[in-house]
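This report looks at nonpolar packing, at one helix and at one residue in a loop. Please keep the sequence and the coordinates at hand while reading.

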Amino acid sequence: MKLVFAGTPEVAVPALDALIASDRHEVAAVVTRPDAPSGRGRRLVASPVAQRAEEEGIEILRPARPRDEAFLTRLREIAPDCCPVVAYGALLPRVALDIPANGWVNLHFSLLPAWRGAAPVQHAVIAGDETTGAATFLIEEGLDSGPVYGVITEDVRPTDTSGDLLTRLAFAGAGLLAATMDGIEDGTLKAVRQPTEGISLAPKLTVEDARVDWAAPALRVDRVVRGCTPAPGAWTVFRGERLKLIQLRPTPDRTDLAPGEPAVGKNAVHVGTGSYAVELLWVQPQGKKPMRAADWARGVRIAPGERLGAAEGAADVR
């Protein structure tokens with residue numbers, strides 16, 4: 001088939017590579033988000049998908065909006081048989097959906113109908129799911145509600161961050177998307193309607209969603225930190241400044257600390273939660289580079305009664 005691939009971030013590149021490598025299909029063009037400012041100089045930088053397409057000499061379409069007439073006209077001229085999609089980042093209007101003969105087929109990183117939305121992997125980790133996966137489905141105007149072509153499953157490991165899990169799903173899902181294109185092309189694959197039960201939503205996480213509640217149980221704190229890593233980044237407050245929490249681990253044998261109460265040892269920093277404590281491993285103070293939590297604690301010299309997550313100037317005087 002003649003394909004127009006739509007995607008933007010790094011996680012979409014493995015799927016693009018799989019389709020480029022296929023001897024059954026031609027990637028005639030890619031659709032990606034416009035170049036965006038990046039770094040301290042705010043220089044415009046092409047998306048990872050655009051950079052990869054440029055390396056292969058593939059035409060790049062960067063519409064500000066997918067309903068722009070110039071984009072729709074060019075898509076009609078290319079006349080793709082199908083448009084595979086991975087994390088494109090914009091809603092597709094009906095007029096665009098109708099152009100390819102076999103529609104737009106999305107690789108979504110969940111086992112639909114679970115976790116429909118922009119952040120399925122993050123929500124799966126935060127919810128404590130033991131198994132997740134990826135699905136290919138025909139895009140329709142509803143939110144990730146179209147009929148499903150195929151699925152793969154992936155275990156969620158106890159120490160997985162959303163970044164770890166998403167990387168594995170990106171590579172495994174690339175094979176699923178390529179196989180889905182094969183099945184559509186030879187007529188052996190038919191999409192099946194999603195169940196009406198088991199629907200859950202995964203909206204984009206906000207910065208406030210990533211704020212750690214120390215009164216929550218340790219397992220919840222651990223899941224929030226892992227689910228929000230690398231983005232939007234879990235955090236707490238210490239002395240009125242934001243402290244990013246990069247890595248921690250639950251320590252069930254430590255039950256003597258109140259929520260948010262730190263205990264600094266020679267080589268370890270523990271913090272109380274609503275159940276047992278967690279050990280901070282890596283943190284990032286505001287305006288500084290990531291560092292080991294023990295090094296951070298030695299530098300700030302935590303005073304008796306100070307708490308993580310407390311309002312500026314607040315202290316525990318148990």
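Which residues have the most contacts inside the largest nonpolar core?

## Nonpolar cores

In this predicted model, the largest nonpolar core has 33 residues, and those with the most contacts inside it are Phe5, Leu19, Val30, Val86, Phe109, Leu177 and Met181. At least two residues of this core are supplied by each of strand E1 (2–7), helix H1 (13–21), strand E2 (26–31), helix H2 (48–56), strand E7 (104–108), helix H5 (120–127) and helix H6 (162–186), with the largest share, nine residues, coming from H6.

Once its neighbours within four places in sequence are left aside, phenylalanine 5 is in contact with a set of residues including Leu19, Val30, Val86 and Leu177, and its partners also include Ala12, Val49 and Pro84. A second, separate core has 29 residues, among them Val224, Ala234, Leu243 and Val271.

## Helix H6

At 1.5 Å a residue, the 25 residues of H6 should span 36 Å, which agrees with the 35 Å between its end C-alpha atoms.

## Lysine 289

Lysine 289 lies in the loop between strand E14 (277–285) and strand E15 (291–292), and it counts as exposed because its relative accessibility is 70%, where the cut-off is over 50%. Apart from its neighbours within four places in sequence, lysine 289 is in contact with Val283 and Gln284. From lysine 289 to aspartate 209 the separation is 80 residues in sequence and 23 Å in space, C-alpha to C-alpha.

Note on methods: Residues are numbered from 1 along each chain as its sequence is written. This is a predicted model: local features need pLDDT of at least 70, side-chain atom pairs count only at pLDDT 80 or more; totals for chains, interfaces and linings use all residues. Side-chain values use heavy atoms; hydrogens and water are left out. A nonpolar core is a set of buried Ala, Val, Leu, Ile, Met, Phe, Trp, Tyr and Cys residues joined through side-chain atoms within 4.5 Å. Buried means under 20% relative accessible area, exposed over 50%, partly exposed in between (1.4 Å probe, protein chains only). Helices (H or I, at least four residues) and strands (E, at least two) are DSSP runs, numbered from the N terminus. Contact means heavy atoms within 4.5 Å. The expected span of a helix is 1.5 Å times one less than its number of residues.
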